[in-house]
Amino acid sequence: MSNRSLKHLRQRVVVSFIVFIVSWSSASLAQQRDPQQTLGHTVFDEQLASYRFERFTVESQTPERHWRVTLGIPRQAPPDKGYPAFWMLDGNAALMEFDAALLEAIEDQSAPPVLVFLGYDNDLRIDRTRIQDYTYTALADDEGRGGGAKAFLAAIERHIRPAVERHVHTDPHRQTLWGHSLGGLFALYTLFTQPDAFSTYAAGSPSLWWGEGALLDALDSDNATYTTGERRVLLSLGGGERERDTSHRDMSDPRVRAHLQRVSSVPPEAVEQLAERLDGFDGVTADYREFPGLSHGETFRASLMAALGDVTGMSPID
C-alpha cells in the first residue's frame, strides 16, 4: 500500500472514530441496558480483503453453556513463530465494534494479530453466563452468583486455546487478553493466578468491587503467583464512573441502588492505585488510562480500541 493510500485509510479510520464518539453516549447506554440485544450483521458476514473469519464452538461440562469462538485471521502471511493473538471476552459485543475500515488498517500493520472473539454460543450481545465464568468468588447474597473463574480459565487453557491453534498458528509469546467490567476482572484474575497464560492483560473498568474487593485481597495471598516473565498490564476507567456519576441511572430502582452499594465497597481510585502497585512488581509494566466523562458502559469500546491500538501500534484509532 502506498503512503498516500495508507494516509487516506488512516484518515477514514479517524473520521469514523470521531463520528462514532459523537453518537456513542446514547447508543452505548442503550446497548448496555438491553439484555436482549442481538448480534446482527457484522464483519463476520462480509467478504473482506484484509481478514477472513472462522467460527467454532467448544462444549463445557454444563449442558446450558457452550463457548463460541469467532476468529479474525489476517490474510497477510503469518510470521515464522505465528501470528500475535488478541483475545476479547464478551466476544459478540466486541465483534460488533469492528468494521471493514478498521480491519484494513489493522491488517496493514507489520504484525497484525489474530482476533479471538470469545463468547457464548448464541447471538446475544452480552450473555449473563459471563457472571459465572468471569468472577473469582460467589457473591454473598441469596443468589450466590459467580465463582467460576478458575474453571473457565482451565477451559481456556485445556480446550479453547488448543482449538484456536488447530485453526490458526499463533505466537505463544505475543498473546493479549482484553476484558471489560467483569471481563476485566477475569483478565486480572488470570494475571494474578496464571500470569504466563498471556503476555499482555488489558482490563477496562474492571469490577474490582466484586465480592467486596475479593480479588484485591487475593493479590496479597499466597495463592497469587504473580509473573515469571515480562508482562504488560493496561488498566483503564471512565472519568464519569470514577466520579461515581449517577445522572444516567434510575435511582428509583432498588436493584440499581443495591448495585451502586456494592460498587462503593472499593474506593473510586482503586483501579489507578492497582496500576501503580502492579508497576512495582518485577517484570510487570502497568499503565493506567482514564477516559474523561465516560460512564462504565461507555468505556467498553473506548478500552477495547485503546488496547488494540496499543498492541498494534495504531494510535489513530485511539
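Predicted model: local features only at pLDDT ≥ 70, side-chain atom pairs only at ≥ 80, totals over all residues.
**View 1. Lining of the second largest pocket.** The second largest pocket has a volume of about 360 Å³. Its lining is made up of 23 residues. Those that lie nearest the centre of the pocket are His 173, Arg 174, Thr 176, Ser 199 and Thr 200. At least two lining residues come from each of strand E3 (83-88), strand E5 (170-180), strand E7 (231-238) and helix H11 (299-312). E5 gives the largest share of the lining, with five residues. Sorted by class, the lining of this pocket holds nine polar, eight nonpolar and six charged residues.

**View 2. Crossing of helices H5 and H6.** Helix H5 covers residues 149-167 and helix H6 covers residues 182-193. The axes of the two helices come within 11 Å and cross at roughly 75°. Angles of 65 to 115 degrees count as roughly perpendicular, so H5 and H6 are roughly perpendicular to each other. On the H5 side, the residues in contact are Ala 149, Lys 150, Phe 152, Leu 153 and Ile 156. On the H6 side, they are Phe 186, Tyr 189, Thr 190 and Thr 193. The residues of this contact divide into six nonpolar, two polar and one charged.

**View 3. Aromatic pair of Tyr 136 and Tyr 189.** The model has twelve aromatic pairs, counting rings of Phe, Tyr and Trp whose centres lie within 6.5 Å. In one of them, the ring centres of Tyr 136 and Tyr 189 are 5.6 Å apart. The planes of these two rings are at 50°, so the pair is tilted. Tyr 136 lies in the loop between helix H4 (130-134) and H5, while Tyr 189 lies in helix H6. The pair therefore ties together parts that are 53 residues apart in sequence.

How values were computed. Residues numbered from 1 in each chain as written. Heavy atoms only, no water. 1 Å grid on protein atoms, 1.4 Å probe; cavity = no way out; pocket = protein on both sides within 12 Å on 5 of 7 lines; lining within 4 Å. Points joined across faces, edges and corners; volume = space filled by probe spheres on them. Helix = DSSP H or I, 4+ residues; strand = E, 2+ residues; numbered from the N terminus. Nonpolar A, V, L, I, M, F, W, Y, C, P; charged D, E, K, R; others polar. Axes fitted to C-alpha atoms, helices over the stretch in contact; angles between N-to-C directions. Parallel < 35°, antiparallel > 145°, perpendicular 65-115°, else oblique. Contact = heavy atoms within 4.5 Å. Phe/Tyr/Trp six-rings, centres within 6.5 Å; stacked < 30°, edge-to-face > 60°.
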